[in-house]
Structures are given as structure tokens and as C-alpha cells.
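Have a look at the fold, and then we can walk through it together.

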Amino acid sequence: MSIRYDSLDEAVRRSMIAELDRDIQGGNLYISSRLTEAGALEWPGLLHEAFHNHDDVWLAEQIRTRDIMRMTEQRRKRGGGITTAKVPHTAPETLAEGEFNRFYIRGLCKHVIECGGTEVEVYRGKDVSRPRPESQAMIGKRLPANQLLQDLRTSPGVEPALGLPPGPNSGLTVRRVHEQ
């Protein structure tokens, strides 16, 4: 099930693509270590196509049908050393949803700023079975679009300082503030 992106329109999609191109040109595009070598090569094109015409569900399906995610990965053991573990079966959805949402937030922030706005509003775009208290506390908050955009630009693949999105599978995203 996809996140509901309340402010996703053609203008935001164009801004998402501009942000993707910015990361590619700057050598900052996050490439998951769970992608195969072929997957890492296909990833930028898949993101471009998803941002232009589709959503995170389509992106996850492409990861699955193209078989571009590793089946196993190396993990550190608690007591030291390394073990081989199966990649979770939900990994394609987690990656697709997480990256589509990050670029959606960046694209929306960029567009809001270009239109003279200053803030975006946090909301739950996808129901989750056990919402985290820190996620629940963020719903309804308004965040400065410029600060959120800069935060996400400088933290590819890791949780940003402002805490949005607040980790995988949170279901949180942002939308335009209608009073602007």
C-alpha cells in the first residue's frame, strides 16, 4: 500500500526530478547496499521514471520483477564478527517507499519555496499498525520548508536531523500548508 501524497502534482514531480538530477550530478545519490550491481546501475533511471509517472508501489514492483535486490547481506554480530543474513522480504517496499517519500518531501519543499511559501505540514500518509510515539507527536507540526529541504539534501540514506521522515515505515510525510 502506497503512502498517500496529498500534494503530489506535476509541479512537485518536476521538482522531485530536479532534486534527483542534483544528487546524480553531485555524486550524492543514495544507492542501497541491498541492490545488486545491476540494480545500482538501474536505480537512477528507475527513480526518474517513478518520479515522472508513478509512485512508490510501482518502484517496489520494479525492484521485485527486475530482481535487482540481493537475497542476502552481511551483518555484524552483537558479540563481534560478521554473519550472512537473508534480506527481509519487505525490503523492496521499504526502499521504494523511503526514497520516493524523501524525494517527494524534497520536491514539495523546493516547490513551496519557489512559490513564496515557507512551511510544510506533517501528516500520516499511510496507516501503520503500531505508530511510534515520536511519529505521532510530529503529526500536524509545521516545519520550515527551506530547513527541511537542506536537511534532506545533506543526509542521503540516513535519518535527517529534523527527524522527517522518522525512519522506515513511519507512514509520515508532508503536504502544503493551505494558509500560505
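In what order do the three strands of the open sheet lie? The order is β4-β3-β5, with antiparallel pairing; two strands pair if DSSP finds at least two bridges between them. At the edges are β4 (142-144) and β5 (172-176), each of which pairs on one side only. Direction ignored, neighbouring strands of this sheet are turned by 40° against each other on average. Axes here are lines fitted to C-alpha atoms, for helices over the stretch in contact, and angles run from 0 to 180 degrees between N-to-C directions.

A word on the ground rules: this is a predicted model, in which local features need pLDDT of at least 70 and side-chain atom pairs count only at pLDDT 80 or more, while totals for chains, interfaces and linings use all residues. Residues are numbered from 1 along each chain as its sequence is written, and side-chain values use heavy atoms, with hydrogens and water left out. Helices (H or I, at least four residues) and strands (E, at least two) are DSSP runs, numbered from the N terminus.

Back to the sheet: β3 (residues 119-124) is joined to β4 by three bridges, and V120 has L143 as its bridge partner in β4. Helix α6 (residues 145-153) packs on the sheet and touches β3, β4 and β5; contact means heavy atoms within 4.5 Å.

Now to helix α4 (residues 91-114).

The whole structure has 15 salt bridges, each a side-chain nitrogen of Lys or Arg within 4 Å of a carboxyl oxygen of Asp or Glu. Among them are these:

| Salt bridge | N to O distance |
|---|---|
| E19 and R106 | 2.7 Å |
| E73 and R75 | 2.8 Å |
| E99 and R102 | 3.8 Å |

E19 lies in helix α1 (residues 10-26) and R106 in α4, so this pair ties together parts 87 residues apart in sequence. E19 is buried at 1% relative accessibility, and R106 is buried at 3%. E99 and R102 both lie in α4, three residues apart.

C109 is buried at 0% relative accessibility, whereas C115 is exposed at 57%.

Notes: Buried < 20%, exposed > 50% of the residue type's maximum accessible area, 1.4 Å probe, protein only.
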